[in-house]
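Please look over the sequence and the structure shown below before reading on.

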Amino acid sequence: MKDEALYEIVENEDDESPNESASSITEVLQRNDAGEATVIEHFKHSHHLILSDGVGEYDNKCCDGCLLPIVASFYYCTQCDFFLHKDCVELPKVKHVWHHRCRPPLILTSNEVFRCVKCDCFSNAFAYKCEECEDYTCLRCVIALTPGVARSCLGHKHPLLFFIEYRGRCVACGDDDIKGLFRCKDCDFSLHHKCYSLPIISQHKSDEHLLSLAYNDDNSYSESHFCDVCEELRDPKLSFYHCATCDTSAHVNCVLGEDPFIKLGSIVEVDEDIHEHPLTVVKKIYYYPNCSVCGKPCLDLALECTGCNFIVHSECPVEVISHASS
């Protein structure tokens, strides 16, 4: 309440815009006996979506909303490779976010390549965009920084509260002198929001099972303090991903990689000043063609035209990327 830019006074709650709480579901076409929507239309996809709880049938699929593995009830499209967690389907189209200083509410958007203003990660998943300053905030950061009841953190027995002025060390990554931390009031345990919003589960080709995020490796056997992906030494006091079935442990960065929240193969459209055709999101690993905009080699994430000899770094046209096709 000290910072007047972070809140506004509402005289009458009934006067708030009805769109603020409007779900992303455009229309419910069918319900089951329990009243759940089983077939829907969603405003970010052109085909009908069907509710399913067959999680095991889609082990290698990710939700197109948050780009995290499918581990709970979800909706899927029978005509294309599109999945949404039930929670992502029900997101509001418009949302006030307290940590964003512009007054207007943020608008739910998708299929745009953006860099999150909070965690600095590239993504083309769902995000909330400010129409005023055009900044994007990814779903993970919006959820992590949403005020409400104190929430528990995986691997810690006490709930954590966000202290905006507290400065200290993050126990997950070891970074020091960070301002604004999720902190346990009962013990010396703090996380900055980027680590707090890390995926609780992830997947990697080195293990057939999903890996769980863990803090503080209690295994005193020093041979276990190695990363099973890069085979380098791992600090047991920092966060890591672990498979209890295979006893696999790995650095967070080794599991997530450089751009974990980008869905390769997605089609985006850019301004005609950049290129006249839609571009495909790709990663260049074996050869590095020169970027058609800045002339430097495209070493990793890039946007490529499949119809002609055109490729551009993902960060070069970010300011002009428009809505992608669904």
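## Salt bridges

With which residue does the side chain of Arg 115 meet in a salt bridge? The partner is Asp 120, and the N to O distance is 3.6 Å, where a salt bridge is defined as a side-chain nitrogen of Lys or Arg within 4 Å of a carboxyl oxygen of Asp or Glu. Arg 115 is partly exposed, with a relative accessible area of 37%, and Asp 120 is also partly exposed, at 49% relative accessibility; here buried means under 20% relative accessible area, exposed means over 50%, and partly exposed lies in between, with a 1.4 Å probe and protein chains only.

This is a predicted model, in which local features need pLDDT of at least 70 and side-chain atom pairs count only at pLDDT 80 or more, while totals for chains, interfaces and linings use all residues. Residues are numbered from 1 along each chain as its sequence is written, and side-chain values use heavy atoms, with hydrogens and water left out.

The structure holds six salt bridges, and one of them joins the side chains of Glu 90 and Lys 86 at 2.9 Å, N to O. Glu 90 is partly exposed at 37% relative accessible area, as is Lys 86 at 23%. Another salt bridge links Asp 177 with Arg 167, their closest N and O atoms being 3.7 Å apart. Because Asp 177 lies in the loop between strand S13 (156-168) and strand S14 (178-183) while Arg 167 lies in strand S13, this pair ties together parts that are 10 residues apart in sequence; strands are DSSP runs (E, at least two residues), numbered from the N terminus.

## Cysteines

How many disulfides does a search of the whole structure find? The search finds zero, a disulfide being counted as a pair of cysteine sulfur atoms within 2.5 Å. Cys 141 is in no disulfide, and the nearest cysteine sulfur, that of Cys 138, is 3.6 Å away. Cys 141 is buried, with a relative accessible area of 0%.

The sulfur of Cys 254 has its closest cysteine sulfur in Cys 230, but the distance is 3.8 Å and therefore too far for a bond. Cys 254 is partly exposed, with a relative accessible area of 24%.

## A residue in a loop

Asp 228 is found in the loop between strand S17 (211-214) and strand S18 (240-243). This residue is partly exposed, with a relative accessible area of 43%.

Methods: Helices (H or I, at least four residues) and strands (E, at least two) are DSSP runs, numbered from the N terminus.
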